[in-house]
Amino acid sequence: MKKNILIVDDSESIRELVGNSLENAGYHVLKGINGKDGIEVLKSFEDTVSLIITDLFMPEMDGIDLIKEVRKDSTYKFVPILMLTTESQAEKKLEGKKAGATGWMVKPFEEGKLLRIVKKVIG
Amino acid sequence: MENLHSVYLEEAEDLFSKIEESLLLLEKSPDDSSLIAEVFRSMHTLKGSSSMYGSNKVADFVHNLETIYDRVRGHEIDLTQPIIDATFKSLDHLKKIVQSPDIPDPIDAKYHEKLTADIIGLLDEYSSGATPARREAGSIKNTYHISFSPNKNIFSNGTNPLLLVDELRDLGSSRVYTNINKGLISKNADPKECHTSWSLILVTEEDENPIKDVFIFVEETSKILIEKIADVDLLILPEFTSKLPPNDLNSKAPTLKEIKKWISAIPQDAIDRVADQLIVSDDLEDGEKDEKLQRSHSQEEAITSIRVSSDKLDELMNQVSELVTTQAGLSLYAENNFDPVLNAIADNVEKLSRQLRDIAFEMTLIQISNLFRRFNRVTRDISTQLGKSVKFLTEGGETELDKKIIDSLADPLMHLIRNSLDHGIESREERIKLGKPEKGTIKLSSYYSGAKVYIQIEDDGRGIDAQKIREKAISNRLISKDDDLSEREIYDLIFMPGFSLAKSVTDISGRGVGMDVVKKNILDIRGDISVESKIGEGTKIILGLPLTLSVIDGLLVKVESTSFVVPLVDIKKCFEIKREELSNDFNELITLEDNKIPYLDLRKEFLIKDENPPEKASIILLENEENKIAVCVDSIVGEYQAVLKPVGKYYRNQEFVSGATILGDGSIALVLDAYKIIARKIVKQKKSA
């Protein structure tokens, strides 16, 4: 069975890019356009999501709040979460880590790196 | 897939003709770097898509060609006629085999082998040491001892530590020992906590970095110890492996100490034997393995960037700035016209132009290491000239800065380093007498902090004597005898024009022109400079620089209908006050949060009509290191992305402004320079006090 990965990002091009790479690598991809939407998608797939990849700056609900929200729910307490960050967001990265993120990926990244990191957190 | 494959073939055809075209031009002008880059890029793309579409023979073949052009591009080798000839031949051959990449035709296959050999021959002929070194580095195996004790809360961050152990095992051959803490077996064990740790003996061809990378997400919270215990493969050495406990859950992991003891007990000739064997065995299986290794290396190292002339980047930045300005106009118009469709479009344009601006801006950033490297050589030359021996260290070379800033840093940094070498670092004899290390040290480092980049020049020389500066400043009538100056203010005096402490003028520095020019240069790029020093221990000069010169995040404020932009970095707080609070005060001081702070009323300074000022005023508190100043305006409009434009040359020497920006409605706002304002106000305050 394919593993479900949820991508939450307000930029469509990032969603598509990351989504395509992951789909080609054999994952099933779910998408959310902001933190709030992401959580709705996550819940509608119950406990079948293996990994959440989230942007940090988004309208409605940002990535940090998304992480906090996800960790609050015991269903998703141990789901790996990767943050998409840029180099200049070192503080945000720490904040996200504190909120319960598993790791991060610095934009821009190429496909190989993406898949390596995904593999690192979900095997 | 069929469809995609034809896309690949079309693309390949395109690339072939592109390469051919460039090659023909290159025959006439073999030094044209843009053509060489073009050829390299095309080959790189071809290699990439070929490997994606399963034509490994094509990909490998192109890889060798690409390597040649990568070196030509890096000026390691010249583009000679034999290389061009071989490339043409290769292209003809590639056109043939790209259709049926398995090369079924035996004549083609033979030709393929011959050409490959020719190209590798060319590579070997022209490469001097670089590649063999890389190949050798890959085949040396090291043995590491790694102990990994995860934080017990590791699961709640979504991390599965077993995956990390697996990742380590993928790096080479290994023995893994699992240690289960008592916490797991006890009755009260919390299944949500991790009570297991691992220790590994790992043999890998990699160095320590890929091992560290495995732990990148957990390094802060978990205990990780990595130690190289041997530079051979210990796990093929029976003298070592026989000592190891069996690899199962029941055996206790050997401690690092025990392992080291076992290693020291291994006779040297056994280790030599393993080392020799390794080389022999590598020679035997060279073909496949080496190639694979080389490929994986070059896939990572092959430069995926392109060269663009800096003029073009400047031009791009300019255009983007114009776009941002135009977009501000659109947003303003949309806002005023309450058209939902237009509003949505304007929002989108705003988002896009911001993204575009960020991308363009990132492109103009370059690593400061290029600049640092230049000083390594200079330091060596100057210190030899002075007969001093100096160690030059750099740190944070990966820090990125606007190209323009880096360009304008070269001179000031050079001056500061010369100063350190000449005045800071003592002569060898003196250092020995003082009990300091014989070699002096100069350290150049760079780091981000907040929205700024800091660059430090640090030496371990004699330091600057604040008392001497004071005396000199008094005798130069820069300050009076009774002035009470903080240490910092005293050090700031060395940046005054005409101030030099050097007793004798040397070739290197000390003509009294310099530090003021250095300061001016730094101020020109909206930076600041400060000095810290301890007598006998050394001096540290710190430059604080903005990340970029062209775009700043600012706060848009208004006095009557005149707009100003204040850089957000410098703003500490904003207050709202009644205007009459200002007029009560003769010393131009205002009480904010129980502190008396000097203020600047823009209304007065810019002679904006003063008939009916509004009752309320806004105060913006600016802070620059330890100095504060309040700026009084009528109202605060909001945050604003300002594209900085230089002011005309008649306004260059004014004391408030670092530039101007065009607002959405086409009007102009001056961008205030907090550093200049503070410096001026403090001086004024000192004079009047």
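In which helix of chain B is B:Leu342 found? B:Leu342 lies in helix H15 (residues 340-363) of chain B. This is a predicted model, in which local features need pLDDT of at least 70, side-chain atom pairs count only at pLDDT 80 or more, and totals for chains, interfaces and linings use all residues. Residues are numbered from 1 along each chain as its sequence is written, chains are lettered from A and ligands numbered from 1 in the order in which they are written, and side-chain values use heavy atoms, with hydrogens and water left out. Helices (H or I, at least four residues) and strands (E, at least two) are DSSP runs, numbered from the N terminus.

**Helices H14 and H15 of chain B**

- Helix H14 (residues 310-337) of chain B packs against H15(B) at an angle of about 160°, and their axes are 9 Å apart. Axes are lines fitted to C-alpha atoms, for helices over the stretch in contact, and angles run from 0 to 180 degrees between N-to-C directions.
- H14(B) and H15(B) are therefore roughly antiparallel to each other; angles under 35 degrees count as roughly parallel, over 145 as roughly antiparallel, 65 to 115 as roughly perpendicular and the rest as oblique.
- The crossing of H14(B) past H15(B) is left-handed. A crossing is left-handed if the near helix is turned anticlockwise from the far one by less than a right angle, and right-handed if clockwise.
- The contact (heavy atoms within 4.5 Å) includes B:Leu330, B:Tyr333 and B:Ala334 of H14(B) and B:Leu342, B:Ala346 and B:Val349 of H15(B).
- The contact residues of H14(B) with H15(B) comprise 16 nonpolar, four polar and three charged. Ala, Val, Leu, Ile, Met, Phe, Trp, Tyr, Cys and Pro count as nonpolar, Asp, Glu, Lys and Arg as charged, and the others, Gly among them, as polar.
- Leaving aside neighbours within four places in sequence, B:Leu342 is in contact with B:Leu330, B:Tyr333 and B:Ala334. The C-alpha atoms of B:Leu342 and B:Leu330, twelve residues apart along the chain, are separated by 9.0 Å.

**Helices H3 and H4 of chain B**

- The axes of helix H3 (residues 56-73) and helix H4 (residues 81-97) of chain B come within 11 Å and cross at roughly 160°. That makes H3(B) roughly antiparallel to H4(B).
- H3(B) and H4(B) cross in a left-handed sense.
- Among the residues that meet are B:Phe61, B:Leu65 and B:Tyr69 in H3(B), and B:Ile84, B:His93 and B:Leu94 in H4(B).

- Five strands of chain B form an open sheet in the order S6-S8-S9-S11-S10, with mixed pairing. Two strands pair if DSSP finds at least two bridges between them.
- S6 and strand S10 (528-534) of chain B stand at the edges, each with a single partner strand, so one side of each is left without a neighbour in the sheet. On average, direction ignored, neighbouring strands of this sheet are turned by 15° against each other.
- Strand S9 (residues 452-459) and strand S11 (residues 538-546) of chain B run antiparallel and are joined by eight bridges. B:Glu458 has B:Lys540 in S11(B) as its bridge partner.
- H16(B) packs on the sheet and touches S6 and S8 of chain B, its direction making about 170° with that of S6(B). H17(B) lies across S6, S8, S9, S10 and S11 of chain B and runs at about 20° to S9(B).
- Helix H16 (residues 369-386) and helix H17 (residues 403-424) of chain B have axes that come within 10 Å and cross at roughly 30°. H16(B) and H17(B) are therefore roughly parallel to each other, and H16(B) passes H17(B) in a right-handed crossing.

**Salt bridges**

- Over all chains, the structure holds 30 salt bridges, each a side-chain nitrogen of Lys or Arg within 4 Å of a carboxyl oxygen of Asp or Glu.
- B:Glu395 forms a salt bridge with B:Lys443, the closest N and O atoms being 3.3 Å apart. This pair links distant parts of the chain, with B:Glu395 in strand S6 (residues 390-395) and B:Lys443 in strand S8 (residues 440-449) of chain B, 48 residues apart.
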